[in-house]
Amino acid sequence: MMRRLYSLLLYLLSPLLLGWMALRARRAGGRWEVLDAARFGRYGRTRDESGAVWVHAVSLGETRAAQPLIRALLDRGHRVLLTHLTATGWAEGERVYAAERADGRLRQAWLPYDFPGATGRFMRHHRPAVGVLIEREVWPNLVHAALHAGVPLVLASARMSDASLHRTLRLGALLRPAYGALTRTYAQSLEDARRLERAGARQVAVSGNFKFDVQPDRGRMARGAGFAARLARRVVVIASTREGEDAPFIEAIRRATGQRRARGDDACPPLLFILVPRHPERFESAAGLLQAAGLAYVRRSHLLDLGDDSSTAIEACRDAAVMLGDTLGEMAWYYACAQVAVVGGSFAPLGGQNFIEASAQGRPVLVGPHTAHFEQAVNDALAAGAIARAADPAQAVRQALQWLDDPAGLNRMGEAARDWVRQHAGAVARVVDGIEALLLQAPQQPPGG
């Protein structure tokens with residue numbers, strides 16, 4: 001009954017929801033196809049080849065987190081159907097799996113909106129053997145359609161904060177059956193597992209966080225390290241900043257660089273900040289804030305136009321206090337350039353962003369006070385001496401500069417970060433083993449039907 005009421009409300013509000021999606025697409029740019037037929041589960045008369053492992057990675061962060069899982073599935077000979085809801089997720093999947101898309105081992109598709117008819121048509125068209133939802137994408141009609149089609153669903157690298165649990169419990173009559181219909185749930189931590197069980201999930205196991213198994217792009221790391229060596233500057237990357245964080249970080253940079261210049265502390269080697277907003281729609285606003293602050297800056301996209309690590313690109317950085325990271329898919333390059341990483345999304349009440357990739361490269365990391373989305377990882381990393389916490393952007397910038405003045409301390413913290421990541425790897429292998437066990441149990445689907 002509650003799911004039917006939810007569906008009715010979804011239909012009634014769909015003009016507003018689709019309008020919001022269209023506005024978001026216009027601001028963000030990229031491929032959204034908000035009104036594409038596939039968004040409503042309409043595919044014409046063709047039918048997809050059945051039996052793929054369906055992985056749903058809603059946006060950019062989940063697509064990156066799912067990379068080691070997808071790579072392991074492909075390496076074991078499974079075909080993969082990869083779905084998204086956002087343009088950034090699609091673009092990342094398109095970039096990373098270009099070869100697999102070309103040879104047919106991986107297909108990309110839009111996940112339809114959570115209308116009952118659309119989700120049912122999605123299942124009948126694609127006929128996956130098993131579905132894997134990354135982190136927290138549990139939609140009532142989608143889960144119901146999978147259950148009706150006999151498609152076992154796995155929630156993998158699952159997380160649930162206290163706030164999310166409270167929201168879920170308030171909607172218990174709607175969401176509890178959805179969580180209860182999941183075949184298996186693999187939680188990031190024991191605390192996540194307990195919350196997911198309270199939300200209604202069954203067959204819950206603690207497998208760990210996929211982000212520990214993500215392998216940074218070695219080619220980009222090598223190019224970033226080479227660029228940094230030629231640049232010969234001390235570099236702090238401020239990564240994945242979210243709404244409301246750019247302005248205070250830029251002000252902290254302005255104050256810090258001004259003070260060090262006045263003291264003559266920034267003579268050799270000079271200092272460079274790299275500011276990387278999380279979402280591409282904020283690249284221009286960040287550029288405007290840098291200009292208004294009177295900070296000389298250079299865009300990463302401009303350096304690429306000049307030839308990546310060419311002499312011309314290096315020269316373009318000479319007078320810049322800040323590099324604006326206005327590209328996607330280059331986080332490995334940014335971290336490889338830097339000696340210290342400050343990870344945003346945690347200096348405003350937004351739950352934090354993934355800092356594990358920086359730790360995997362041996363970068364000492366600073367996070368802010370708001371890290372609910374990575375609560376267990378943050379606590380473990382703090383205990384291991386792999387990261388530190390700052391109260392606000394100004395304190396984060398001050399602490400980063402103090403670390404730069406202590407190379408021995410930087411090295412110790414970097415090694416602690418690498419060791420901490422290595423100790424927590426292995427989540428993907430555990431989940432893939434579980435998926436393959438489900439595949440062995442699943443009835444074989446006849447060809448073409």
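Which residues does the UniProt annotation "domain: 3-deoxy-D-manno-octulosonic-acid transferase N-terminal" cover? According to that unreviewed entry, the annotation covers residues 38–214. In this predicted model, the span is 45% helix and 18% strand, and its end C-alpha atoms lie 30 Å apart.

- Seven strands form an open sheet in the order 3-2-1-4-5-6-7, with parallel pairing.
- Strand 3 (106–110) and strand 7 (204–206) are the edge strands, each pairing on one side only.
- On average, neighbouring strands of this sheet are turned by 20° against each other, direction ignored.
- Three bridges join strand 5 to strand 6 (residues 184–187) in the parallel sense, and Ala158 stands opposite Ala187 in strand 6.

**Helices across the strands**
- Helix 3 (residues 87–96) lies across strand 2 (80–84) and strand 3, and runs at about 170° to strand 3.
- Helix 20 (residues 427–441) lies across strand 1 (53–56), strand 4 (130–134), strand 5 and strand 6, with an angle of about 175° to strand 6.

**Nonpolar cores**
- The largest nonpolar core has 44 residues, of which Trp54, Met123, Leu155, Tyr179 and Leu196 touch the most other members.
- Elements that each supply at least two residues of this core include helix 5 (116–126), strand 5 (153–158) and helix 8 (172–180); helix 1 gives the most, with six residues.
- Beyond its neighbours within four places in sequence, Tyr179 is in contact with Val138, Leu155, Met160, Thr168, Leu196, Ala199, Gly200, Ala201 and Arg202.
- Another core, of 39 residues, lies apart from the largest one; Val235, Leu303, Tyr335 and Ala358 are among its members.

Terms used
Residues are numbered from 1 along each chain as its sequence is written. This is a predicted model: local features need pLDDT of at least 70, side-chain atom pairs count only at pLDDT 80 or more; totals for chains, interfaces and linings use all residues. Side-chain values use heavy atoms; hydrogens and water are left out. A nonpolar core is a set of buried Ala, Val, Leu, Ile, Met, Phe, Trp, Tyr and Cys residues joined through side-chain atoms within 4.5 Å. Buried means under 20% relative accessible area, exposed over 50%, partly exposed in between (1.4 Å probe, protein chains only). Helices (H or I, at least four residues) and strands (E, at least two) are DSSP runs, numbered from the N terminus. Contact means heavy atoms within 4.5 Å. UniProt positions are given in the numbering used here, feature names are shortened, and annotations may be inferred rather than shown by experiment. Two strands pair if DSSP finds at least two bridges between them. Axes are lines fitted to C-alpha atoms, for helices over the stretch in contact, and angles run from 0 to 180 degrees between N-to-C directions.
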